[in-house]
Amino acid sequence: IIKLSPASGSIISSKATLNVTADDNVGVTKAVYSYSTDDGVTWIDIGESSTNSLSVKFDTTTVLTPTV
């Protein structure tokens, strides 16, 4: 991952758009977005993107602790 927006560990509220910029030697074609409310022990998928923008909309009102 080259860039993550908002930054990892950010507190977000309401509805947010999550963006990622990534690169590797074979070309990144998909990003999977997930969150954890227990310090990374378990992860809940938000969604995934496979377009050039690599972004997904996240409604934080559906979770108790909206930290990504």
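Visitor: Which residues form the largest nonpolar core?
Guide: In this predicted model, strand E2 (15-21), strand E3 (31-35) and strand E5 (55-59) each supply at least two residues of the core. The core has 11 residues. They are Ile12, Ala16, Leu18, Val20, Ala31, Tyr33, Tyr35, Leu54, Val56, Phe58 and Val63.

Visitor: What percentage of the residues in the chain is buried?
Guide: A residue counts as buried under 20% relative accessible area. The chain has 68 residues, and the buried share of them is 24%.

Visitor: How much of the accessible surface belongs to carbon and sulfur atoms?
Guide: The accessible surface of the chain comes to about 4800 Å². The part that belongs to carbon and sulfur atoms is 51%.

Visitor: What share of the contacts with a separation of 6 or more comes from residues 24 or more positions apart?
Guide: Contacts here are heavy atoms within 4.5 Å. Among those with a separation of 6 or more, residues 24 or more positions apart account for 41%.

Visitor: Is Ser36 buried or exposed?
Guide: Ser36 is found in the loop between E3 and strand E4 (44-49). Its relative accessibility is 12%, and the cut-off for buried is under 20%. Ser36 therefore counts as buried.

Visitor: Which side chain makes a polar contact with the side chain of Ser36?
Guide: The side chain of Ser36 also has a polar atom 2.8 Å from the backbone nitrogen of Gly40. The side-chain partner is at 2.8 Å as well, and it is Asp38.

Visitor: Which residue forms a salt bridge with Lys30?
Guide: Side chains of opposite charge can pair when their charged atoms come close. The count for this model is 1 salt bridge. In the pair with Lys30, the closest N and O atoms are 3.9 Å apart, and the partner is Glu48.

Visitor: Where in the chain are Lys30 and Glu48?
Guide: The pair links distant parts of the chain, 18 residues apart. Lys30 is in the loop between E2 and E3, and Glu48 is in strand E4.

Visitor: Why does Glu48 count as partly exposed?
Guide: Partly exposed lies between the buried limit, under 20%, and the exposed limit, over 50%. Lys30 falls in this range at 45% relative accessibility. Glu48 counts as partly exposed because its relative accessibility is 49%.

Key. Residues are numbered from 1 along each chain as its sequence is written. This is a predicted model: local features need pLDDT of at least 70, side-chain atom pairs count only at pLDDT 80 or more; totals for chains, interfaces and linings use all residues. Side-chain values use heavy atoms; hydrogens and water are left out. Buried means under 20% relative accessible area, exposed over 50%, partly exposed in between (1.4 Å probe, protein chains only). Accessible areas come from the Shrake-Rupley method with a 1.4 Å probe; for residues, only the protein chains shown count as cover. A nonpolar core is a set of buried Ala, Val, Leu, Ile, Met, Phe, Trp, Tyr and Cys residues joined through side-chain atoms within 4.5 Å. Helices (H or I, at least four residues) and strands (E, at least two) are DSSP runs, numbered from the N terminus. A polar contact is a pair of N or O atoms within 3.5 Å; within protein, one must be able to donate a hydrogen and the other to accept it, and residues adjacent in sequence count only if both atoms are side-chain atoms. A salt bridge is a side-chain nitrogen of Lys or Arg within 4 Å of a carboxyl oxygen of Asp or Glu.
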